[in-house]
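Please open the model in a viewer and keep the sequence beside it.

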Amino acid sequence: MKRMFSLKGLCLLAVLAVAFMLYRYDPAGREWAPKCVFRMLTGYNCPGCGFQRCMHSLLHGRVVEAVGYNLFLVVAVPYLLLLMAEEWLLSGETRERWARVLTSRGVVLSYVVLFFLWFLVRNLLGI
């Protein structure tokens, strides 16, 4: 039996739906916008705090404003988009080459280190 939607198709649909919602509605001041559980429990910002406002600003081309909400996401989003493009758009040898680079130990380790450095810096400096 053939599936109507593939898992990749459903993921893409979910990403597009979230992007549309974040483009259409400014999450700042919206009661329905999800709140960060980590921040509610600890009082500290997690590395993803500000994601919704950052993405809303990026989708509207306001990069400086997005940086103010979450600097790490401005770096992380292009990497995540490259991972998605490699998985969904490329095939064969080209895909294998990109996958080797994007998922190499050095790139992934750099991403993880930046993630935790951002967590420390934003909470120590109050960013």
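Helix axes in this tour are lines fitted to C-alpha atoms over the stretch in contact, and angles between them run from 0 to 180 degrees between N-to-C directions. The model is predicted: local features need pLDDT of at least 70, side-chain atom pairs count only at pLDDT 80 or more, and totals for chains, interfaces and linings use all residues. Residues are numbered from 1 along each chain as its sequence is written, and side-chain values use heavy atoms, with hydrogens and water left out.

**The whole chain**

Begin with the entire chain in a cartoon view. Its secondary structure comprises seven helices and zero strands; helices (H or I, at least four residues) and strands (E, at least two) are DSSP runs, numbered from the N terminus. The C-alpha trace spans about 45 × 35 × 30 Å along its principal axes. Of the 127 residues, 19% count as buried, where buried means under 20% relative accessible area, exposed over 50%, and partly exposed in between (1.4 Å probe, protein chains only). Among contacts (heavy atoms within 4.5 Å) between residues at least 6 apart in sequence, 51% join residues at least 24 apart.

**Helices H5 and H7**

Next, select residues 105-124, which form helix H7, together with residues 71-88, which form helix H5. The axes of H5 and H7 come within 10 Å and cross at roughly 160 degrees. H5 is therefore roughly antiparallel to H7; angles under 35 degrees count as roughly parallel, over 145 as roughly antiparallel, 65 to 115 as roughly perpendicular and the rest as oblique. On the H5 side, the contact is made by Leu71, Phe72, Ala76, Tyr79 and Leu80, and on the H7 side by Val107, Val108, Tyr111, Leu114, Phe115 and Trp118. By class, this contact has 11 nonpolar, no polar and no charged residues. In this scheme Ala, Val, Leu, Ile, Met, Phe, Trp, Tyr, Cys and Pro count as nonpolar, Asp, Glu, Lys and Arg as charged, and the others, Gly among them, as polar.

**Helices H5 and H6**

Show the side chains of Tyr79, Leu82, Leu83, Glu86 and Glu87 in H5, which meet Arg95, Trp98, Ala99 and Leu102 in H6. The contact of H5 with H6 has six nonpolar, no polar and three charged residues.

**Asparagine 70**

Now select asparagine 70, in the loop between H4 and H5. What is its relative accessible area? The value is 0%, so asparagine 70 is buried. Beyond residues up to four places away in sequence, asparagine 70 touches Pro47, Gly48, Cys49, Gly50, Cys54, Trp118 and Arg122.

**Two histidines**

Finally, select histidine 56 in helix H3. Its relative accessibility is 6%, and histidine 56 therefore counts as buried. A polar atom of its side chain lies 3.5 Å from the backbone oxygen of tyrosine 25.

Histidine 60 is in the loop between helix H3 (51-59) and helix H4 (63-69). Is histidine 60 buried or partly exposed? At 31% relative accessibility, histidine 60 counts as partly exposed. A polar atom of the histidine 60 side chain lies 2.8 Å from the backbone oxygen of tyrosine 23. The C-alpha atoms of histidine 60 and arginine 24 are separated by 9.6 Å, although these residues are 36 apart along the chain.

Definitions and conventions:
Polar contact = N/O pair within 3.5 Å; in protein donor to acceptor, adjacent residues only side chain to side chain.
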